[in-house]
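Subject: Structure handover

Hello,

Here is the structure I promised to pass on. Please open it next to this email and follow along.

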Amino acid sequence: MRAVAVTRYGAPEVLDVVELPVPTPGPGCLRIKTYAAAVNPADVMLRLGQLDAYLGALEGPYVPGMEVSGLVDEAPAESGFTRGDPVMAFVDPFTPHGGAQAEYVVVPLAHVVAVPDGLDLVAAAGLPMNALTAHQCLALLDLPAGATLAVTGATGALGGFTAQLAHHRGLTVIAAGDDADHDLLRALGVDVVVPRSGGIEAYRRAVPGGVDALVDAAVLGGAALGAVRDGGQVVRCRPAEPATERAITVHTASVLEYGPRREALGELAALAGAGHLTPRTAAVLDPADAWRAHRDLEKGGLRGRQLITFTTDGK
């Protein structure tokens, strides 16, 4: 099978398309014939050699990708899935089976759910990992309805899903954007849009006492604490250590360590089917053009997911 692979560390152009054996699903797993796999910041970090601690004793080449959509190719009878069922899944690339950017992907049953009616099968690849991370962020905060939540980077994938999920749960969402982003942010459920040019101070002008909590999807680090009230909460979305102050509680989201994946994915799929969560696609690329996705992701400013496709007969 074809797979996008990191055969050596370096610039986006080091990515190769290689031939690998089709993986065999073991107990408690199923195999997916890939329609699409999303490109994430973690893929860039893997390509740059920044995730060696997660790779452990695994041997290269390393296949990136943490979310996939496609059709069930092989599944155990007890799974409830049959061959040809449309599914989407969270994929852990730091296992012997590798990541999502391959023609066939093996995942644990606990990581896969059916794609709901009405959700495009290719676009569905942009949902599992970032929506799971958003779900984890809100679980860490455990805010009551009506609480104020600031979301940095709300125009991006993680920030957008966080805003939509928070809005659905009755939180008051505040996010920053340029003038051109206002319609998008409103569509994502943002209640108060502040000017991006105003920095963190813009959040304080909108909520003078400080927000109850903040999800730092834009990875602003310690600077983001200025938007939060005394005794509030922050969720950091990368393994960085912002300084704490004013009794603010700092949580860390790590989707690899999020336990209730199947239950959360089921909830997220239902919300997507009902239109409460909307995967946004910025580009659909062939495997040979995966390097372009890395280049554009590093440039920033994307307003949707970049998807690598392994089929031409999308649903």
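Below are the findings, taken by topic.

**Before you start**

This is a predicted model, so local features need pLDDT of at least 70 and side-chain atom pairs count only at pLDDT 80 or more, while totals for chains, interfaces and linings use all residues. Residues are numbered from 1 along each chain as its sequence is written, and side-chain values use heavy atoms, with hydrogens and water left out.

**The parallel sheet**

Helices (H or I, at least four residues) and strands (E, at least two) are DSSP runs, numbered from the N terminus. Two strands pair if DSSP finds at least two bridges between them.

Start with the open sheet of 6 strands. Its order is β10-β9-β8-β11-β12-β13, and the pairing is parallel. The edges are β10 (192–195) and β13 (249–252), each of which pairs on one side only. On average, neighbouring strands are turned by 20° against each other, direction ignored. For that angle, axes are lines fitted to C-alpha atoms (for helices, over the stretch in contact), and angles run from 0 to 180 degrees between N-to-C directions.

Now walk across part of the sheet. Strand β8 (residues 148–152) pairs with β11 in the parallel sense, over 4 bridges. There, Leu149 stands opposite Ala213 of β11. Next, β11 and β12 run parallel and are joined by 5 bridges. Val215 has Val235 in β12 as its bridge partner. Then β12 (residues 228–236) pairs with β13, again parallel, over 4 bridges. Val234 has its bridge partner in β13, namely Val250.

Why is strand β11 (residues 211–216) called largely enclosed by the rest of the structure? Because 5 of its 6 residues are buried. Buried means under 20% relative accessible area, exposed means over 50%, and partly exposed lies in between (1.4 Å probe, protein chains only).

**Helix α3**

Helix α3 covers residues 128–141, 14 residues in total. From its first C-alpha to its last, α3 reaches 20 Å, close to the 20 Å expected at 1.5 Å a residue. That expected span is 1.5 Å times one less than the number of residues.

How many residues of α3 are buried? The count is 12 of 14, so the helix is mostly covered by the under-20% rule. Among them are Pro128, Met129, His135, Cys137 and Leu141. After α3 comes Asp142, whose phi is positive, near 50°.

**Pockets**

Rolling a probe the size of a water molecule over the atoms shows where empty space is left. The search uses a 1 Å grid over the protein atoms alone. A cavity is a set of points where a 1.4 Å probe fits but cannot get out. A pocket is an open set with protein on both sides within 12 Å along at least five of seven lines. Lining residues have an atom within 4 Å of a point. Grid points are joined across faces, edges and corners, and a volume is the space filled by probe spheres set on the points.

The largest pocket has a volume of about 1,300 Å³. It is lined by 49 residues, and Pro41, Leu158, Ala217, Val219 and Arg238 lie nearest its centre. Elements that give two or more residues to this lining include α3, α4 and α6 (199–206). Helix α1 gives the most, with 4 residues. By class, the lining has 27 nonpolar, 15 polar and 7 charged residues. Here Ala, Val, Leu, Ile, Met, Phe, Trp, Tyr, Cys and Pro count as nonpolar, Asp, Glu, Lys and Arg as charged, and the others, Gly among them, as polar.

The second largest pocket has a volume of about 280 Å³. Its lining has 18 residues, with Leu20, Pro61, Pro96, His97 and Gly98 nearest the centre.

**Cavities**

There are 2 cavities of 30 Å³ or more. Which helix gives the largest share of its lining? Helix α4 (residues 157–168) does, with 4 residues.

Ala157 and Thr278 both line this cavity. They are 121 residues apart in sequence and 9.9 Å apart in space, C-alpha to C-alpha. Ala157 is found in α4 and is partly exposed, at 21% relative accessible area.

The second largest cavity holds about 30 Å³ of space. Its lining includes Ala42, Asp43, Pro64 and Phe94, and divides into 6 nonpolar, 1 polar and 1 charged.

Best wishes
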